[in-house]
Amino acid sequence: MSYKDLREFMAQLEREGELKRLAAEVDVDLEMTEITDRVSKAGGPALLFEKPRSVKDRVAYSIPLLINMLGSKRRMELALQTASLEDVARRIDDLLDMKPPEGFFDKVRLLPKLAEVGSFFPKSVKDGPVKEVIERENISLAQFPIMKCWPQDGGRFITFPLVVTRSPKTGRRNVGCYRLQVYDERTTGMHWQIHKGGAEHFRWLERQGKGRRMEVAVAIGADPVTMLSGVLPLPEDLDEFLFAGFLRKEPVELVKCETVDLEVPAHAEIVLEGYVDLDDIRPEGPFGDHTGYYSLEDKFPAFHITCITRRRDPIYVSTIVGPPPMEDYWMGYAVERIFLPLLRKQMPEVVDMHMPAEGIFHNLMIISIRKSYPGHARKVMNALWGLPGAMFTKCLVVVDHDVDVHNLREVTWKAFNHIDPERDIQFTLGPVDQLEHASRLPNFGSKMGVDATRKWPSEGFTRLWPEEIKMDPEVKKKIDALWESLGLLRK
Ligand SMILES: Cc1cc2nc3c(=O)[nH]c(=O)nc-3n(C[C@H](O)[C@H](O)[C@H](O)COP(=O)(O)O)c2cc1C
Ligand SMILES: [Mn+2]
């Protein structure tokens with residue numbers, strides 16, 4: 001069974017010793033970050049701050065704050081209910097490998113699989129725990145322990161929301177995790193970067209000229225897979241809740257909102273309903289971001305809250321980003337593993353990929369390929385620069401199939417041995433991550449691909465390529481047999 005909601009997941013984390021409760025009073029301003037950062041860097045557990053408070057506002061919150069819930073490989077595996085993320089990748093592979101049935105028996109064999117696919121679609125339900133309390137009057141965000149994460153942040157930020165919008169063009173839903181800066185008790189920023197689904201919907205509102213407002217719903221706290229779905233770089237118009245249903249092997253249950261024509265997870269902890277307005281664009285930021293630097297103040301739409309629905313005793317979920325590694329590294333890692341089979345469908349030559357934590361996802365990707373023709377590494381670079389998510393990759397290092405991309409020592413050793421920089425580095429121009437701070441212009445800059453594969457005569461390399469040094473296997477075997485008796489390297 002998949003987790004119905006956040007609480008079921010928390011109970012599982014607790015059984016596994018992966019969740020620690022803090023009874024001490026901790027300030028939402030900076031103190032929670034300092035504690036979580038230390039725990040995060042040490043590979044520690046998820047944290048439930050039971051007594052958040054604000055000295056500045058003289059508030060003791062009655063709502064607890066959960067953080068770092070996906071901040072380790074183990075917790076990510078628990079979230080996806082798998083012994084290994086490779087199993088999730090295999091399930092996706094199987095789904096993509098479904099061949100059209102040839103005969104009667106093939107058809108019968110396929111039926112359960114097709115039924116399974118059909119069962120992933122989100123399910124509309126009449127009611128859910130997120131409707132236990134409905135607040136239309138006296139709406140206030142001040143009840144929630146919303147953190148100010150870093151000293152120079154422009155304010156407090158909701159950092160782990162699921163922002164639901166509907167495309168004015170296609171009517172399709174999008175769900176994205178975009179931070180919300182608290183402006184006042186019922187207004188926040190809406191930090192959807194220009195390449196993201198929500199921003200595209202907002203642009204269509206303007207293009208169509210049929211109104212100035214677009215409805216938005218924000219869910220905070222849900223089952224872990226639904227929460228993860230907000231950060232997945234899915235192709236435009238592929239519903240994140242459908243994908244979450246596939247990953248959790250059970251549909252996401254949705255309820256209608258009270259004041260907007262949108263649906264939200266019925267088992268969410270908190271939902272904010274409201275709208276963004278083409279005529280209300282405000283400064284947002286600065287914010288201590290996942291690059292490890294502050295992202296500068298910029299202009300984003302304001303989100304006006306028209307209704308809050310929640311559980312009677314909601315749990316507020318947060319995350320912090322900052323100098324790596326942090327919780328978001330593990331989210332990125334899950335994305336990397338889950339998407340590898342999809343990538344391989346389009347590019348079967350891809351063997352493996354890795355984005356080291358310090359490369360902040362978009363700064364460095366290492367990818368191994370089975371090279372089949374001259375210029376193959378450059379083909380892979382160009383293809384990656386055209387994909388959602390991977391399009392932002394600033395430095396792409398392509399290595400041969402026999403290099404272990406997860407072993408940075410091996411990558412460094414082989415990649416730098418194999419390049420003649422002037423020949424093997426490819427520069428190009430294109431869109432860059434909105435958080436990129438070194439590019440010549442915001443959102444537009446250069447990218448670098450490094451062809452670190454062995455060079456072939458058909459690529460103009462006419463010198464001899466040397467062989468990698470390896471010991472004779474017979475000798476290895478002989479020394480293996482002797483090894484213990486030599487008494488070397490004993491501890
Ligand atoms: C913790 C965390 C916070 C994020 N905050 C933002 C944000 O404020 N704005 C943004 O555009 N993307 C943010 N992202 C990245 C998006 O969630 C991600 O690009 C996602 O794929 C967007 O979904 P979409 O393609 O449906 O727009 C964040 C990711 C994580 C893991
Ligand atoms: Mn999307």
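Which residues have the most contacts inside the largest nonpolar core? In this predicted model, they are Ile-367 and Leu-384, in a core of 77 residues. A nonpolar core is a set of buried Ala, Val, Leu, Ile, Met, Phe, Trp, Tyr and Cys residues joined through side-chain atoms within 4.5 Å. Buried denotes under 20% relative accessible area, exposed over 50%, and partly exposed the range in between, with a 1.4 Å probe and protein chains only. Helix H9 (residues 327-346) gives the most to this core, namely nine residues. Helices (H or I, at least four residues) and strands (E, at least two) are DSSP runs, numbered from the N terminus. A second, separate core has 44 residues, among them Phe-49, Val-216, Ile-220 and Ile-270.

Residues are numbered from 1 along each chain as its sequence is written, and chains are lettered from A and ligands numbered from 1 in the order in which they are written. Local features need pLDDT of at least 70, side-chain atom pairs count only at pLDDT 80 or more, totals for chains, interfaces and linings use all residues, and side-chain values use heavy atoms, with hydrogens and water left out.

Beyond its neighbours within four places in sequence, Ile-367 is in contact (heavy atoms within 4.5 Å) with residues including Leu-343, Val-350, Met-353, Leu-384 and Val-405.

Strand E12 (residues 213-220) is mostly covered, with six of its eight residues buried. The table lists its pairings; two strands pair if DSSP finds at least two bridges between them.

| Strand paired with E12 | Sense | Bridges | Bridge partners |
|---|---|---|---|
| E15 (residues 270-284) | antiparallel | eight bridges | Val-218 and Leu-272 |

Turning to helix H2 (31-41), its buried residues are Met-32, Thr-33, Thr-36, Asp-37, Val-39 and Ser-40. They lie on the same side of H2, because they cover an arc of only 165° around the axis, taken from the directions from the helix axis to the C-beta atoms. The cover over these buried residues includes strand E1 (19-27), E2, strand E4 (65-67) and H9.

After H2 comes Gly-43, which has a positive phi near 70°. Gly-44 is found in the loop between H2 and strand E2 (46-54). This glycine, Gly-44, is buried, with a relative accessible area of 15%. Apart from neighbours within four places in sequence, Gly-44 is in contact with Val-39, Asn-68 and Arg-75. Gly-44 and Leu-19 are 25 residues apart in sequence, and their C-alpha atoms are 8.9 Å apart in space.
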